Amino acid sequence: MIKAINLHRSYTIGKKTIEVLHGLELHIRPGEKVFLCGPSGAGKTTLMYTLAGLEMPQQGTVEIGGKSIYGLLTKARAEFRNRMMGFIFQNYMLMPELTALENASLATAIAGREATQEVTALLDRVGLGNRLDHLPNELSGGEQQRVSIARALAHNPEIIFADEPTGNLDSRNSNEVLDLLFSLADERKKTLVIVTHDPNIAKRGDRILTIRDGIVCDEA
Ligand SMILES: Nc1ncnc2c1ncn2[C@@H]1O[C@H](COP(=O)(O)OP(=O)(O)O)[C@@H](O)[C@H]1O
Ligand SMILES: [Mg+2]
């Protein structure tokens, strides 16, 4: 499903160059639930953005379903991403002026599709059936993250990327969010790629890929 081939990425600030991805290779199969682990600064977010077509590598490429995404023009790559992928972020990234229902409907709206019924059912499924008209600042952190889970799934993408999805949540809400994410991914046969620096939550996946020195150094 996702294949990274010889990914190189470095950042130069002033005279200093940091090698973040250094010939990184990985292969994630359809329907797998994989955690990308490693300490802060290891390059997990950079890798996730590179796998998702959001950050072009300086060398190497990413194949999604056999297609090299960096071989596509920017616009075609964005369309491919909108269709194939859903995203969940540590700080939720909900639009502050939109309701829960409107936020969760964003990806389907971008695709030009009205899907109020499906999105309402999805919000109901994540336990927010009575919060449809709430704005993000009228929701708790756990509730906001559940809206973003609904948003990530609403357009029925094949891959869900999550960057430290429980980073701002207490342990009870973290477990709730992960339980929901895992059961929805199972039910809908999604490929799940979750970034975390927390080895405790990473145990829940099918596989842990640990990033160190710019490569996958450990596969458990
Ligand atoms: N846009 C950028 N410009 C310069 N350095 C960056 C940029 N993005 C990330 N880095 C550096 O790359 C390294 C990896 O960052 P990141 O992928 O965010 O790590 P992680 O998510 O594992 O904490 C860090 O040292 C970070 O400071
Ligand atoms: Mg990060």
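Two strands are counted as paired here if DSSP finds at least two bridges between them. By that criterion, this predicted model contains an open sheet of six strands in the order β6-β7-β8-β3-β9-β10, and the pairing within that sheet is mixed. The edges are taken by β6, residues 85-89, and β10, residues 215-219; each has a single partner strand, so one side of each is left without a neighbour in the sheet. From one strand to the next, the twist averages 20 degrees.

Strand β3 (residues 33-37) runs parallel to strand β9 (residues 207-212), and four bridges connect the two. In this pair, Cys37 is placed opposite Thr210 of β9. On the other hand, β9 and β10 are paired in the antiparallel sense, again over four bridges. Here Leu209 faces Glu219 of β10. β9 and β10 make up a hairpin with two residues between them, and Asp213 in the turn has a positive phi of about 55 degrees.

A salt bridge also involves strand β9. Glu32 pairs with Arg207, with 2.7 Å between the closest N and O atoms. The two residues come from distant parts of the chain: Glu32 sits in the loop between β2 (16-28) and β3, while Arg207 belongs to strand β9, 175 residues apart. The structure holds nine salt bridges.

Helix α2, residues 74-84, lies across β6 and β7 (159-163), and its direction is at about 75 degrees to β6. Helix α7 also packs on the sheet, where it touches β3, β6 and β8 (191-195); the directions of α7 and β8 make an angle of about 155 degrees.

Helix α7 has a helix partner as well. Helix α6 (residues 141-154) packs with helix α7 (residues 171-188) at an angle of about 15 degrees, and the axes are 10 Å apart. Angles under 35 degrees count as roughly parallel, and α6 is therefore roughly parallel to α7. The crossing of α6 past α7 is right-handed. On the α6 side, the contact is made by Gly142, Gln145, Arg146, Ile149 and Leu153; on the α7 side, by Asn173, Glu176, Val177, Leu180, Leu181, Leu184 and Arg188. By class, the residues of this contact of α6 with α7 are six nonpolar, three polar and three charged.

Helix α6 packs with helix α5 too. Helix α5 (residues 116-125) and α6 meet at an angle of about 140 degrees, with 9 Å between their axes. The two helices are therefore oblique to each other. α5 passes α6 in a right-handed crossing. Val119, Leu122 and Leu123 of α5 form the contact with Val147, Ala150, Leu153 and Ala154 of α6. The contact of α5 with α6 has seven nonpolar residues, and no polar or charged ones. Leu153 of α6 is listed in the contact with α7 and also in the contact with α5.

The model has another open sheet, this one of four strands in the order β2-β1-β4-β5, with antiparallel pairing. Its edge strands are β2 and β5 (67-68), each of which pairs on one side only. Within this sheet, strand β1 (residues 2-13) and strand β4 (residues 59-64) run antiparallel and are joined by five bridges. Ile2 stands opposite Ile64 of β4. In both sheets the general rule applies: strands of a sheet pair through backbone hydrogen bonds, either parallel or antiparallel.

Terms used. Residues numbered from 1 in each chain as written. Chains lettered and ligands numbered in written order. Predicted model: local features only at pLDDT ≥ 70, side-chain atom pairs only at ≥ 80, totals over all residues. Heavy atoms only, no water. Axes fitted to C-alpha atoms, helices over the stretch in contact; angles between N-to-C directions. Parallel < 35°, antiparallel > 145°, perpendicular 65-115°, else oblique. Left-handed = near helix turned anticlockwise from the far one by under 90°. Contact = heavy atoms within 4.5 Å. Nonpolar A, V, L, I, M, F, W, Y, C, P; charged D, E, K, R; others polar. Salt bridge = Lys/Arg side-chain N within 4 Å of Asp/Glu carboxyl O.
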